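Please find below a short note on the structure shown here. The points begin with the chain as a whole and then turn to its core and to one helix pair.

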Amino acid sequence: MDAALTGLLGTTVGALAGFAGAWLAQRAQTRMQREERTHQEQVRWLADKKPLFRDLLVVFRQWREALSGAGTGTDDLAGLRRSALKWSVEASLIASEPVRLALDEVQAAFAAVEDQLRDGRVSVQESGVAARLGNGLSVLEDAMRAELKEMLRGPRRRIRLQNRVRAIDPRTSPPEFWPTAAGSDN
């Protein structure tokens with residue numbers, strides 16, 4: 001009787017272990033497939049974002065040069081402004097938040113500088129147009145490059161980085177792991 005109960009118990013434990021192993025394997029496979037689909041979608045977006053970001057930066061640089069140039073007419077500026085606005089709207093639809101914020105800052109800088117120049121309040125040299133717009137464009141370009149670089153990373157690498165950040169971020173780690181005043185080196 002003891003042998004039969006032991007056999008029944010062993011079979012039950014083995015079946016439960018097999019079921020749990022199959023469930024965990026299925027769950028891991030589903031997660032990997034989901035990550036792969038997400039990565040493939042980002043790679044597809046990469047093909048759309050690269051030329052869009054390039055065209056947007058080219059238009060902004062042309063606009064900056066037109067503002068700095070003395071012989072640029074108001075029609076030329078208006079055309080560049082419309083073109084920049086069109087590319088900005090397209091980029092803001094598919095860009096990440098850091099790119100959208102940098103884009104808003106650059107547009108605000110262009111609008112402020114253009115208003116000052118149009119009103120004749122300052123000259124190009126006095127306003128620091130080249131430096132102000134150059135800095136804004138550099139920030140925008142850096143945000144775009146960072147977004148494109150992030151998209152090229154594989155899904156596993158991105159998850160490991162997120163987990164590492166969560167482990168050291170006090171907002172996401174449990175309170176028992178937060179440093180205390182007694183345990184700190186301050």
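1. Of the 186 residues of the chain, 25% count as buried, that is, under 20% relative accessible area with a 1.4 Å probe, protein chains only. The model is predicted: local features need pLDDT of at least 70 and side-chain atom pairs count only at pLDDT 80 or more, while totals for chains, interfaces and linings use all residues. Residues are numbered from 1 along each chain as its sequence is written, and side-chain values use heavy atoms, without hydrogens and water.

2. The chain has 6 helices and 0 strands; helices (H or I, at least four residues) and strands (E, at least two) are DSSP runs, numbered from the N terminus.

3. The largest nonpolar core has 30 residues, and Phe 60, Trp 63, Phe 110 and Leu 140 have the most contacts inside it. Such a core is a set of buried Ala, Val, Leu, Ile, Met, Phe, Trp, Tyr and Cys residues joined through side-chain atoms within 4.5 Å. Helices H1 (2-68), H2 (74-94), H3 (97-119) and H5 (129-152) each give two or more residues to this core. The largest share, 10 residues, comes from H1.

4. Beyond its neighbours within four places in sequence, Trp 63 is in contact with Leu 77, Leu 80, Arg 81, Ala 84, Phe 110 and Glu 114; contact means heavy atoms within 4.5 Å.

5. The axes of H1 and H2 (lines fitted to C-alpha atoms over the stretch in contact, with angles from 0 to 180 degrees between N-to-C directions) come within 9 Å and cross at roughly 155 degrees. The two helices are therefore roughly antiparallel, a term for angles over 145 degrees.

Notes
Buried < 20%, exposed > 50% of the residue type's maximum accessible area, 1.4 Å probe, protein only. Parallel < 35°, antiparallel > 145°, perpendicular 65-115°, else oblique.
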